[in-house]
Number of protein chains: 2
Amino acid sequence: MKSMVKIGFIGLGRRGISVLRQNFIDMKDVEIVAICDQSVARMEEACNFICEKGRPTPMMTTNYRDIIQHPSIDAVIIMIGWKNRPRIAMESMRAGKYTAIEVGCADTLQECYDLVSTYEETGIPVMMLENCCYGRREMMVLNMVKQGLFGEIVHCTGGYHHYLNEVELFLNIDKDEIPHYRLAEYRDKNCDNYPTHELGPISKVLSINRGNRFVSLTSFGSKHIGIQDFAKRHFGEDSKYAKIDYQQSDIVNTHLRCANGETVMITLDTTLPRAYYSRNFSVRGTKGMSSEERRVVYCEGMQEEIENNETEMFERYDHPLHREYAAQGVKEGHGGMDWLVCRAFIEAVKNGTNTPIDAYDTATWLAIGVLSAQSIQGGSVTVEFPDFTNGKWQNREPFVNSKYCLDAIIENDPTPLF
Amino acid sequence: MKSMVKIGFIGLGRRGISVLRQNFIDMKDVEIVAICDQSVARMEEACNFICEKGRPTPMMTTNYRDIIQHPSIDAVIIMIGWKNRPRIAMESMRAGKYTAIEVGCADTLQECYDLVSTYEETGIPVMMLENCCYGRREMMVLNMVKQGLFGEIVHCTGGYHHYLNEVELFLNIDKDEIPHYRLAEYRDKNCDNYPTHELGPISKVLSINRGNRFVSLTSFGSKHIGIQDFAKRHFGEDSKYAKIDYQQSDIVNTHLRCANGETVMITLDTTLPRAYYSRNFSVRGTKGMSSEERRVVYCEGMQEEIENNETEMFERYDHPLHREYAAQGVKEGHGGMDWLVCRAFIEAVKNGTNTPIDAYDTATWLAIGVLSAQSIQGGSVTVEFPDFTNGKWQNREPFVNSKYCLDAIIENDPTPLF
């Protein structure tokens with residue numbers, strides 16, 4: 001077991017800087033050996049706050065290979081834009097570095113298959129840092145599901161319901177005329193480009209790749225007018241941004257079916273005005289339900305009109321990880337889940353184990369964008385979901401080698417709900 | 001214009017009794033001339049409370065044709081179970097009686113086409129009493145949509161999210177061993193059998209059959225285990241109810257596409273334990289959103305984290321009908337909407353006009369069950385949606401001949417939201 005984990009950090013955009021600054025920099029068992037970005041200014045900004053924390057000055061490079069080939073780096077965190085992430089991740093794994101990538105989607109299924117091959121050939125873990133898996137609500141529900149309190153699971157929902165036109169896609173457009181890299185994705189593609197909030201947590205509720213798997217996917221896209229309408233109103237009808245017919249449907253609903261019969265519905269909802277308050281995470285079973293929208297956990301026998309009882313539920317069913325972190329004081333970044341997902345990765349590096357979100361999970365989630373695009377292109381046809389485990393899903397054991405594990409039954413309050 | 005509307009009432013089950021007792025019986029311009037049910041006991045119960053209100057004793061009959069052929073009856077209210085409703089409605093229309101039917105679905109598309117033919121041949125209106133069209137929230141949102149405050153509409157949602165196993169399907173099972181008629185539907189069919197909460201209100205938001213129409217439908221069904229699991233746990237593994245493999249999926253999500261490009265998602269969710277608090281009514285447009293789940297109406301420019309602002313929104317955008325009824329004191333039955341939908345029907349009879357929910361609406365909504373069954377049976381294939389207006393939808397004007405109209409722009413607070 002390592003006492004210190006030496007990391008290299010590739011990609012210092014808004015998310016990269018934020019993850020570095022609000023998480024890794026405070027980890028006493030992590031040394032930030034090297035940072036990489038194409039912008040020297042961003043690297044200098046990162047360098048400043050790293051040094052202000054009293055840490056050694058990291059090596060700075062515009063060439064990510066300097067990080068991947070660095071002899072003393074144990075683990076590489078890849079926070080660049082969506083394109084190239086799988087490719088760079090595979091290079092990192094082949095160089096023997098534990099590899100973490102930010103949330104996003106692949107361009108092709110080939111990348112996903114190659115990522116899995118790389119893992120199987122090298123034995124080096126790769127983990128998508130899907131922070132919602134470590135959300136307090138998500139972990140409480142996972143806890144209750146694994147204890148059988150929801151009975152047999154039937155259906156789950158979740159989605160990314162965040163209006164991005166102003167806060168991301170066209171952020172800084174007046175300042176430096178360079179739209180966010182995601183705008184090109186919205187211009188050229190039509191798919192669910194951001195499914196893992198909540199497909200990540202749902203995958204763990206449903207034991208995907210460990211006793212279950214996704215077998216098919218069907219996506220429905222709405223009209224695609226939100227971005228262009230925004231651009232007309234904000235930049236003028238004659239602006240270059242207003243003249244583009246952005247391909248991305250404003251609302252995409254994606255249905256997945258599982259080998260064990262469960263169904264999932266995931267929604268992308270990012271280009272029409274909306275309040276931002278929920279990922280619409282819900283789990284439905286024969287004995288109970290949870291729904292984020294009304295902050296309710298309901299089990300048969302409760303009053304029908306109940307809502308907003310999450311607080312009492314957290315009291316009883318909080319995941320031990322969250323109890324521990326509440327006791328220590330919740331870390332910044334999305335309510336503690338950023339801290340926890342980063343710790344989950346670091347602990348795996350320290351202990352030399354697999355990561356709780358592993359290569360098969362990562363490939364599965366990276367594939368959703370491609371599959372949903374295929375479905376939509378074919379008029380909402382149902383597409384087969386690849387089995388990235390090549391049959392192993394039927395027999396893979398729950399990963400229990402860590403308090404950050406997302407598969408195990410956690411002993412909690414044993415008294416029944418009534 | 002009539003001063004008194006003489007009605008005949010067919011069907012005195014729980015819903016029928018409730019609608020009669022909490023609505024029609026208090027209408028000073030309505031005379032309940034005749035009632036019909038196969039149960040003499042139920043008719044006597046109804047007769048009692050009618051007389052207790054000081055009203056003349058109605059004629060009682062076990063033969064619905066006595067009502068349909070009754071020379072002085074103006075309008076017939078049909079509250080029997082789902083089957084036979086369209087057939088009896090057509091008989092009533094051919095007898096020259098304005099006809100109202102409860103919420104539900106048809107068995108065949110033929111019934112829906114025949115209902116429309118009957119209307120076109122006789123000129124006699126038929127109206128599904130879809131009370132949610134007159135819900136306070138639904139009418140406020142309709143009001144805001146028609147004023148253009150949501151911009152161009154993109155997507156709507158809604159659903160029937162009510163756990164029925166105990167409160168309906170197996171109600172009274174211990175007492176008299178006769179399950180609710182709906183249980184047979186759940187046993188034998190798999191479809192969205194109850195779509196009009198909220199497809200009714202959504203149809204009016206989207207001007208369906210008056211400038212727009214549904215063009216296709218695709219339904220996704222989940223596992224179907226909820227009823228059988230309930231039966232096992234409540235009646236024992238060896239009970240007759242526990243041995244049935246009920247065909248109805250626990251969760252059905254149905255996607256509809258409109259001629260003008262809008263999409264709709266309707267959910268049926270009635271056989272897994274859940275709290276009952278919402279019909280998940282939401283409307284999304286280029287300028288704003290409404291969502292029942294978080295009681296929010298959001299327009300671009302508001303704070304991102306806003307929720308629970310419905311009360312202020314009602315202040316500004318309450319539909320005049322609801323302002324009027326709040327002033328008069330809200331009537332019983334689902335928060336006033338039962339009263340309003342019944343008044344909408346009666347006013348049409350009095351004034352000799354079409355009904356605000358008309359034959360084309362009724363046929364469209366009755367068809368959803370059949371179409372969703374076809375889709376599910378075909379593995380979630382997309383099915384074409386019939387055009388019951390036979391092309392007239394493109395040119396039909398909004399129905400504005402009534403304060404109960406659901407098509408018109410209502411002048412309200414003209415000052416902008418900010």
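Guide: Let us begin with one residue and its surroundings, bearing in mind that this is a predicted model. Leaving aside neighbours within four places in sequence, A:Tyr134 is in contact with A:Met139, A:Leu321, A:His322, A:Met337, A:Leu340, A:Val341, A:Ala344, A:Pro356, A:Ile357, A:Tyr404 and A:Leu406. Apart from the core of A:Tyr134 lies another core, of 132 residues, with B:Tyr64, B:Met90, B:Tyr163 and B:Phe345 among them.

Visitor: How many residues make up the largest nonpolar core, and which of them touch the most other members?

Guide: In soluble globular proteins, nonpolar side chains tend to be buried together. Here the largest nonpolar core has 133 residues, and those touching the most other members are A:Ile7, A:Phe9, A:Ile10, A:Phe24, A:Tyr134, A:Phe170 and A:Phe345.

Visitor: What rotation superposes chain A on chain B?

Guide: Two copies of a chain are related by a rotation about an axis and a shift along it. In this model, the rotation is 180° and the shift along the axis is 0.0 Å, with an RMSD of 0.0 Å. That is the relation of a two-fold axis. Within chain A, the C-alpha nearest the axis belongs to A:Glu293, at 2.9 Å from it. Both copies use the same surface, for 100% of the contact residues of chain A recur in chain B.

Visitor: How many residues does each chain bring to the contact, and what area do the chains bury?

Guide: Chain A gives 54 residues and chain B gives 54 residues. Between them the two chains bury about 4,700 Å², of which 51% is on carbon and sulfur atoms.

Visitor: How many salt bridges and polar pairs cross the interface?

Guide: The rule finds eight salt bridges between chain A and chain B. B:Glu152 forms a salt bridge with A:Lys223, where the closest N and O atoms are 2.8 Å apart. Across the interface there are also 31 residue pairs in polar contact. Several elements of chain A each supply at least two residues of the side that touches chain B, including β7, β9 (251-258) and α11 (226-235).

Visitor: Which residues does A:His155 touch?

Guide: Not counting residues up to four places away in sequence, A:His155 touches residues of both chains, including A:Met265, A:Ser282, B:Ile251 and B:Asn253. The side chains of A:His155 and A:Thr263 are joined by a polar contact of 2.8 Å.

Terms used. Residues numbered from 1 in each chain as written. Chains lettered and ligands numbered in written order. Predicted model: local features only at pLDDT ≥ 70, side-chain atom pairs only at ≥ 80, totals over all residues. Heavy atoms only, no water. Polar contact = N/O pair within 3.5 Å; in protein donor to acceptor, adjacent residues only side chain to side chain. Contact = heavy atoms within 4.5 Å. Core = buried A, V, L, I, M, F, W, Y, C linked by side-chain atoms within 4.5 Å. Buried < 20%, exposed > 50% of the residue type's maximum accessible area, 1.4 Å probe, protein only. Least-squares fit on C-alpha atoms with pLDDT ≥ 70 in both. Buried area = accessible area lost by both parts, 1.4 Å probe. Salt bridge = Lys/Arg side-chain N within 4 Å of Asp/Glu carboxyl O. Helix = DSSP H or I, 4+ residues; strand = E, 2+ residues; numbered from the N terminus.
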